[in-house]
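Please look through the structure shown here.

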Amino acid sequence: MGDPLNTLDFTEAVAGFATGVVVLTVRDGRDDLGTTVTSFMSVSLEPPMVLAGVASSSYLAEVLDRQDRWAATVLSGDQRALAGRFAAEGRPSARLLLASEPHHRGGLSDALIPDEGLAALECETRQRIQAGDHHLYVAEVRAADYIARRRTPLIRVGRRYL
């Protein structure tokens with residue numbers, strides 16, 4: 001058996017795994033929050049469900065622990081800058097991050113939704129799971145706000161957006 005895995009080695013090992021890029025947004029009273037996530041996947045077709053991973057230490061996790069409805073926008077290849085803005089440390093409100101981007105509010109979640117992604121899903125949390133330093137949110141997809149079948153996805157691999 002190999003040596004024990006340290007954090008740096010683990011990070012390096014999983015950096016080679018290509019994944020789609022999603023901006024997760026939620027409305028909390030008068031505030032709008034959001035973050036870029038690459039820990040996102042479908043988990044069920046019937047009912048349609050997804051899973052999103054968010055750092056436990058983040059304020060967004062605190063909000064998602066009390067707000068059940070949120071939106072997940074699967075980003076397109078030409079939304080690299082948007083992914084970077086939502087991933088930045090100390091980022092401002094989602095309203096400011098989307099000020100120069102076409103966007104709207106989801107009809108079910110009331111979350112801000114960037115336009116021009118591959119898809120925007122409005123979700124309702126069904127289960128919360130503590131997993132190490134992340135919270136996992138298993139959610140039923142209540143509506144597809146839009147689906148753009150002809151756009152190219154934004155992919156993250158090797159710590160870079162492609």
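Is R159 buried, exposed or partly exposed? R159 counts as partly exposed, at 41% relative accessibility; buried means under 20% relative accessible area, exposed over 50%, and partly exposed in between, with a 1.4 Å probe and protein chains only. This is a predicted model, in which local features need pLDDT of at least 70 and side-chain atom pairs count only at pLDDT 80 or more, while totals for chains, interfaces and linings use all residues. Residues are numbered from 1 along each chain as its sequence is written, and side-chain values use heavy atoms, with hydrogens and water left out.

R159 is found in the loop between β11 and β12 (160–161). Helices (H or I, at least four residues) and strands (E, at least two) are DSSP runs, numbered from the N terminus. The phi of R159 is positive, about 65°, although R159 is not a glycine. D110 is not a glycine either, and has a positive phi of about 65°. The loop that holds D110 runs between β7 (103–105) and β8 (112–114). D110 is partly exposed, with a relative accessible area of 32%.

Another backbone feature is a cis peptide bond, from E46 to P47, with omega near -5°. P47 sits in the loop between β4 and β5.

The pockets come next. On a 1 Å grid over the protein atoms alone, a pocket is an open set of points where a 1.4 Å probe fits, with protein on both sides within 12 Å along at least five of seven lines; lining residues have an atom within 4 Å of a point. A volume is the space filled by probe spheres set on the points, which are joined across faces, edges and corners.

The largest pocket holds about 1200 Å³ of space. It is lined by 33 residues, of which T36, V37, T38, S39 and H134 are the closest to its centre. Elements giving two or more residues to this lining include α1 (7–15), β3 (31–37) and β10 (134–147). α1 gives the most, with five residues. The lining of the largest pocket divides into 16 nonpolar, 12 polar and five charged residues. Here Ala, Val, Leu, Ile, Met, Phe, Trp, Tyr, Cys and Pro count as nonpolar, Asp, Glu, Lys and Arg as charged, and the others, Gly among them, as polar.

The second largest pocket has a volume of about 150 Å³. Among the residues that line it are D31, Y59 and R91. β3 gives the most to this lining, with four residues, and α2 (59–64) supplies at least two. The residues of the lining of the second largest pocket divide into four nonpolar, three polar and three charged.
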